[in-house]
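This briefing goes through one protein chain, topic by topic. Please keep the sequence and the model at hand while reading.

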Amino acid sequence: MIASTLAPQISEVFSLEDWMQNPPDGKEWVDGQLVEKNGMTLKHSRIQLKLGSYWRTYITSSGQGGEVYTEVPCRTNKQGRYPDVAYLTPELLAQFGEPAVLPQSFPLIAEIVSPTDFAEEVIAKSQEYLQSGCQEVWLVFPDNRWIIVITQNQRLVFISGEVVSTQTVLQGFSVAVDELLG
């Protein structure tokens, strides 16, 4: 889900450093303002839980380790964000532990796109993640039954009837688009 910038809900003046110290639940720090994430639906929540569970099961069964999180704060080069689903490698977990806010993007991030999200914002957010330490972003479009996987070097689209797989992080993970979005 992407934060809406049409009608930001600003509760008080916050710097990015303030946000890093104590990120308000569900509010991203975007262009100097606290912006409430909105558009969460039952479908969105179900897909978020399924994908997080699939990634978690895979890191355990494959022995790759690390941790999977949902709605967890991280800092990009520009903003304070709450990715819908995020994976932290064992190496970064050892390096950072579990701070209040990860000081960079997670290596693998999924955003479940809501009907209220704008394409330009979704794409810009994925690029922001990639410029801040992320290696792979999944943009999940439940209504269209598409998953776009974006890395530094490629953009792949997976549709209903296909199997989506990770490209650079969690090597070997795959799931049928219909299973994830069904």
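In which strand is the place of isoleucine 159? Isoleucine 159 belongs to strand β10, which covers residues 155-159. The model is a predicted one. Its secondary structure comes to five helices and 12 strands. The radius of gyration is 15 Å, close to the 16 Å that the globule rule gives for 182 residues, so the protein is as compact as a globular protein of that length.

**Overall dimensions and surface**

- Taken along the principal axes, the C-alpha atoms fill a box of roughly 45 × 35 × 30 Å.
- Of the 182 residues in the protein, 47% are buried.
- Among contacts with a separation of 6 or more, 58% are between residues 24 or more positions apart.
- The protein exposes about 8500 Å², and carbon and sulfur atoms supply 52% of that area.

**Isoleucine 159 and the surface patch**

- Isoleucine 159 is partly exposed, because its relative accessible area of 36% falls between the limits of 20% for buried and 50% for exposed.
- Together with Trp146 and Val157, Ile159 forms a nonpolar patch on the surface.
- The accessible area of these three residues together is about 250 Å².

**Leucine 170**

- Leucine 170 sits in the loop between β11 (163-165) and β12 (174-176).
- With a relative accessible area of 3%, leucine 170 is buried.
- Not counting residues up to four places away in sequence, leucine 170 touches Trp55, Tyr58, Ile59, Gln64, Tyr87 and Leu108.
- Glutamate 121 is 49 residues from leucine 170 along the chain, and their C-alpha atoms are separated by 26 Å.

**Aromatic pairs**

- Five aromatic pairs are found in a search of the whole structure.
- In one of them, tryptophan 55 and tryptophan 138 have ring centres 5.7 Å apart and planes at 85 degrees, so this pair is edge-to-face.
- Tryptophan 55 is in helix α2 (residues 42-62) and tryptophan 138 in strand β8 (residues 136-141), so that the pair links distant parts of the chain, 83 residues apart.
- Tryptophan 55 and tryptophan 138 are both buried.
- Tyrosine 58 and phenylalanine 173 also form an edge-to-face pair, because their ring centres are 5.6 Å apart and their planes are at 70 degrees.
- This pair ties together parts 115 residues apart in sequence, since tyrosine 58 lies in helix α2 and phenylalanine 173 in the loop between β11 and β12.
- Tyrosine 58 is buried at a relative accessible area of 17%, and phenylalanine 173 is buried at 5%.
- Trp55, Tyr58, Trp138 and Phe173 are linked by ring pairs into a cluster.

**Salt bridges**

- The count comes to eight salt bridges.
- Glutamate 28 forms a salt bridge with arginine 81, and the closest N and O atoms are 2.9 Å apart.
- Glutamate 28 lies in strand β1 (residues 27-30) and arginine 81 in strand β5 (residues 80-81), so the pair ties together parts that are 53 residues apart in sequence.
- Both glutamate 28 and arginine 81 are buried.
- Glutamate 28 also forms a salt bridge with lysine 125, with the closest N and O atoms 2.9 Å apart.
- Lysine 125 lies in helix α4 (residues 119-130), so its pair with glutamate 28 ties together parts that are 97 residues apart in sequence.
- Glu28, Arg81 and Lys125 are linked with Glu111 and Glu128 in a network of salt bridges.
- Lysine 37 forms a salt bridge with aspartate 84, the closest N and O atoms being 3.2 Å apart.
- Lysine 37 and aspartate 84 are both buried.

Definitions and conventions
Residues numbered from 1 in each chain as written. Predicted model: local features only at pLDDT ≥ 70, side-chain atom pairs only at ≥ 80, totals over all residues. Heavy atoms only, no water. Patch = residues over 30% accessible without salt bridge, like charges linked within 9 Å, V, L, I, M, F, W, Y side chains within 5 Å. Areas by Shrake-Rupley, 256 points an atom, 1.4 Å probe, with all protein chains shown as cover. Salt bridge = Lys/Arg side-chain N within 4 Å of Asp/Glu carboxyl O. Helix = DSSP H or I, 4+ residues; strand = E, 2+ residues; numbered from the N terminus. Buried < 20%, exposed > 50% of the residue type's maximum accessible area, 1.4 Å probe, protein only. Contact = heavy atoms within 4.5 Å. Rg over C-alpha atoms; globule rule 2.2 N^0.38 Å. Phe/Tyr/Trp six-rings, centres within 6.5 Å; stacked < 30°, edge-to-face > 60°.
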